[in-house]
Amino acid sequence: MIYPYNQYIPEISESAFIADYVTISGDVKIGDESSIWFNTVIRGDVAPTIIGKRVNIQDQCCLHQSPGNPLLIEDDVTVGHQVILHSSIIKRNALIGMGSLILDGAEIGEGAFIGAGSLVPPGKKIPPNTLAFGRPAKVIRPLNHEDLKDMARIRREYTEKAQIYKKATPIQKGK
């Protein structure tokens, strides 16, 4: 469902894939070839949420903001299942692992990998091309060639998968 909020209407690229049971409201922009997966909620009713190109926001994520603090997600980002992003900045090519929480003012550096289940507290900055993990998240090590290759594979597969889903016709049970 797409809802306006006050004067704001979500702006969603024609090439984006929005799965069933997604709710998007208010001041939200979603870029080309991005994908928003099943049961995700993106509310732009406090501040803007800007999602770049080829971003995949996987199933059951929750994206929101605090007053005056937008949520910014640059191009080619992967956001795993059940992630909460709140008024933070996620730089290009980053990967946020499943079940993680990224809180107000946190910044995830370009190409950084946040391990599953991590908590990035308010204002924490994760350097580019590093693996951070834990509650609270701590930098564990620099990413290696295999890490970067796997992150690129995931981005590519989600962009391709989204276009397949976009063309598919859902099958109604009993028909």
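Two strands are said to pair if DSSP finds at least two bridges between them. Strands (E, at least two residues) and helices (H or I, at least four) are DSSP runs, numbered from the N terminus. The structure described here is a predicted model, in which local features need pLDDT of at least 70 and side-chain atom pairs count only at pLDDT 80 or more, while totals for chains, interfaces and linings use all residues. Residues are numbered from 1 along each chain as its sequence is written, and side-chain values use heavy atoms, with hydrogens and water left out.

Eight strands form an open sheet with mixed pairing, in the order 3-5-7-10-13-16-19-20. Strand 3 and strand 20 (137-142) each have a single partner strand, so one side of each of these edge strands lacks a neighbour in the sheet.

| Strands | Sense | Bridges |
|---|---|---|
| Strand 10 (residues 78-79) and strand 13 (residues 95-96) | parallel | two |
| Strand 16 (residues 113-114) and strand 19 | parallel | two |
| Strand 19 and strand 20 | antiparallel | five |

Strand 19 (residues 130-134) is mostly covered, as four of its five residues are buried; buried means under 20% relative accessible area, exposed over 50%, and partly exposed in between (1.4 Å probe, protein chains only).

**Residue T78**

T78 lies in strand 10 and is buried, with a relative accessible area of 3%. Leaving aside residues up to four places away in sequence, T78 touches N56, Q58, A94, L95, I96, I154 and R155, where contact means heavy atoms within 4.5 Å.

**The largest pocket**

A pocket is defined on a 1 Å grid over the protein atoms alone, as an open set of points where a 1.4 Å probe fits, with protein on both sides within 12 Å along at least five of seven lines; lining residues have an atom within 4 Å of a point. The largest pocket has a volume of about 170 Å³, a volume being the space filled by probe spheres set on the points. Its lining includes F17, I18, F38, Y165 and K166. Strand 3 (17-18) and helix 1 (145-167) each supply at least two residues of this lining. By class, the lining has eight nonpolar, one polar and two charged residues. Ala, Val, Leu, Ile, Met, Phe, Trp, Tyr, Cys and Pro count as nonpolar, Asp, Glu, Lys and Arg as charged, and the others, Gly among them, as polar.
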